[in-house]
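I opened my notebook to look up a few strands and helices. Here is what I wrote down as I went along.

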Amino acid sequence: MRYKIISHITLVISITIIIIFLNKHSTGKTDMYTDSELFNEKNTLTVNLNETPQIPWNSIDTSTNVIETFAAAVFGNLIETQEIKSSTNKYILIENYVCKEQKCRIDLNKEVKFHNGRSVTAYDFEFSLIRFLTQKREDNFAFTILNDIQGIDRIQKSKNETKNGIVYPRGILEGIEVIDNFKIVLHLKRNNPYIIEKLNTGRLPIVPIEELQIDYIHWKHLPIGFGRYKLIKADLDKSQFILENLALENIHKYIRIVFSDQDIGDIRILSHMSDSKLDGKVILPTVYVNAGFLFNFSTPLGANENFRNAISHALDRDKIAQTSLDNDLEPEDQILPSHSILQKYRAHEPLIKQNIILAKEFLNKVPKELWFDKTLHVHSFWTLKRNLNDIKYIQEIKQQLSVIGLNLVFHNTDFNYTKFKEVDENVLWWTGFDSLSNDPNRNFAYFTKGSFFRHIFPENNKEFENLLKESNNTFMEQPEATQKLSSYFKEKNYMVVILNVKKRFSYKKNRIEFIEPQPNGIRMDLWKIRLKEDNFFNRLTFEELLTKIFNLYFYKT
């Protein structure tokens with residue numbers, strides 16, 4: 001009798017456990033995730049990478065943290081991102097390099113292979129750097145990324161050559177010299193110790209030519225690289241992507257990348273002003289991106305220096321930053337962040353303080369018919385899902401500018417309109433530039449002829465270009481020329497910088513064991529995240545749990 005009572009108690013407890021198990025795993029059985037049963041909690045890290053759906057390998061219209069995080073996992077890295085040194089890691093392409101006397105001599109790691117099985121060679125390196133150069137300069141970032149290499153200002157017609165049984169277009173950029181399959185020399189216009197760091201970007205990944213369509217831009221199937229993870233499934237309708245671990249390392253078998261403004265995933269990369277109920281939260285210490293207004297210099301209002309000055313002096317940047325309760329916003333008025341290695345290249349000037357009287361004086365010098373009693377539409381590349389006009393710091397900016405008579409309406413990102421068009425009447429653009437590189441001249445280069453961005457600098461830009469040239473030539477020996485460039489940029493308000501933004505993320509403490517140090521606030525190394533393995537329920541499938549309960553109950557009876 002006593003054994004029967006124990007048996008019945010065991011059965012009740014077992015049924016309760018089953019119910020708990022089903023409740024715990026019920027979300028995994030819905031259609032929230034693509035193939036959630038195959039890629040389950042036991043073997044899959046789910047990363048909510050951004051609240052706005054994006055194609056993570058799109059080299060143009062993709063947020064920097066999205067493309068760089070995806071590229072590090074799938075396409076691989078040129079160099080070790082945290083220590084900037086040579087490596088024999090088979091997911092790091094460059095084994096060794098030396099840059100001096102306007103040359104970079106590079107030895108490639110012979111062990112690195114693309115996901116399709118073939119070795120990565122110097123010809124792949126050359127092709128991947130030049131494949132976007134047949135497009136217009138304004139259609140990609142390649143010209144700005146490669147602007148240190150000789151010949152970038154005089155692109156040559158390509159000639160097809162067969163190397164290792166593969167036909168490559170070659171000779172487009174004269175500053176790239178392939179010595180053999182694993183040696184390459186870059187001939188530079190000037191010395192820049194950060195050239196390899198600049199090339200190590202998801203906007204210019206090393207890829208196999210045979211996997212691309214004839215335009216060398218679009219993929220025949222799924223993108224292929226040489227990273228730790230291979231992309232094996234892409235659901236573009238649901239914006240969900242499955243990566244499979246190819247490394248012989250004790251890390252999760254799969255990564256699921258999703259995009260949502262909800263608390264979905266084991267880790268959720270947060271936008272500023274977004275809220276999360278997940279119990280783990282982190283703010284990365286480094287600046288991710290700045291934020292502010294670009295101006296359309298092809299319009300009379302955008303080209304008017306008094307108008308730009310009026311906006312800059314009307315703003316209380318401290319008050320705008322304080323609208324965030326998460327301490328992820330900092331007041332700023334320069335393009336180079338203050339808390340980094342780039343600090344020494346900044347202009348030694350205090351933060352611009354709000355001065356309404358001076359702002360009105362500047363604005364009164366601008367023809368009234370250009371701005372008075374008008375609504376200025378501010379389009380953006382700022383990938384938030386919430387209406388920008390409902391965000392506190394945007395509301396504060398609008399309110400402060402209304403005091404001097406400017407009325408603004410912000411528009412969320414339209415991926416069909418991510419920069420000023422060739423002919424465009426809009427005056428203002430809200431966006432920011434990331435701090436991915438330690439090259440102080442990198443972001444200034446976007447404000448010169450041939451930039452990806454149209455109309456964001458004056459037609460007569462000679463003085464700025466001369467300052468940039470001097471900065472490029474001398475920044476390694478002394479910072480003064482770059483400081484002068486920073487001061488000129490701020491004085492002329494090519495961009496009215498308002499804020500610096502730090503990246504935040506939240507995570508589930510019951511799922512994440514630990515997160516190793518990350519290289520910066522922009523790119524997240526997903527293989528440095530460890531899932532917890534000590535959860536009894538996560539270790540068992542439903543069938544395994546039933547079997548254990550069955551054996552336990554009938555053994556007792």
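**Entry 1: ground rules.** I first checked what pairing means: two strands pair if DSSP finds at least two bridges between them. Helices (H or I, at least four residues) and strands (E, at least two) are DSSP runs, numbered from the N terminus. I noted that this is a predicted model, where local features need pLDDT of at least 70, side-chain atom pairs count only at pLDDT 80 or more, and totals for chains, interfaces and linings use all residues. Residues are numbered from 1 along each chain as its sequence is written, and side-chain values use heavy atoms, with hydrogens and water left out.

**Entry 2: an open sheet.** I looked up β2 and found six bridges to strand β3 (residues 103-108), running antiparallel. Across that pair, Ile94 stands opposite Leu108 in β3. Both strands belong to an open sheet of four, in the order β2-β3-β7-β6, with antiparallel pairing. β2 (94-100) and β6 (176-180) are the edges with a single partner strand each, so one side of each has no neighbour in the sheet. From one strand to the next, the twist averages 15 degrees.

Then I asked: which helix lies across β2, β3, β6 and β7? My note says helix α3 (residues 122-130), which runs at about 165 degrees to β6. Axes here are lines fitted to C-alpha atoms, for helices over the stretch in contact (heavy atoms within 4.5 Å), and angles run from 0 to 180 degrees between N-to-C directions.

**Entry 3: strand β11.** I turned to β11 (residues 267-270), where Ile267 and Ile269 point one way and Arg268 and Leu270 the other. All of these are buried (under 20% relative accessible area, with a 1.4 Å probe and protein chains only). In a regular strand, side chains alternate between the two faces of the sheet.

Two bridges join β11 to strand β1 (residues 44-50), and these run parallel; Asn48 stands opposite Arg268. Four bridges join β11 to strand β17 (residues 495-507), antiparallel this time, with Tyr507 as the bridge partner of Ile267.

**Entry 4: two helices.** Last, I looked up helix α10 (residues 462-474) and helix α11 (residues 480-492), which pack at an angle of about 150 degrees with axes 8 Å apart. They are therefore roughly antiparallel (over 145 degrees). Among the residues that meet, I listed Phe464 and Leu467 in α10, and Leu485 and Tyr488 in α11.

Conventions. Angles under 35 degrees count as roughly parallel, over 145 as roughly antiparallel, 65 to 115 as roughly perpendicular and the rest as oblique. Buried means under 20% relative accessible area, exposed over 50%, partly exposed in between (1.4 Å probe, protein chains only).
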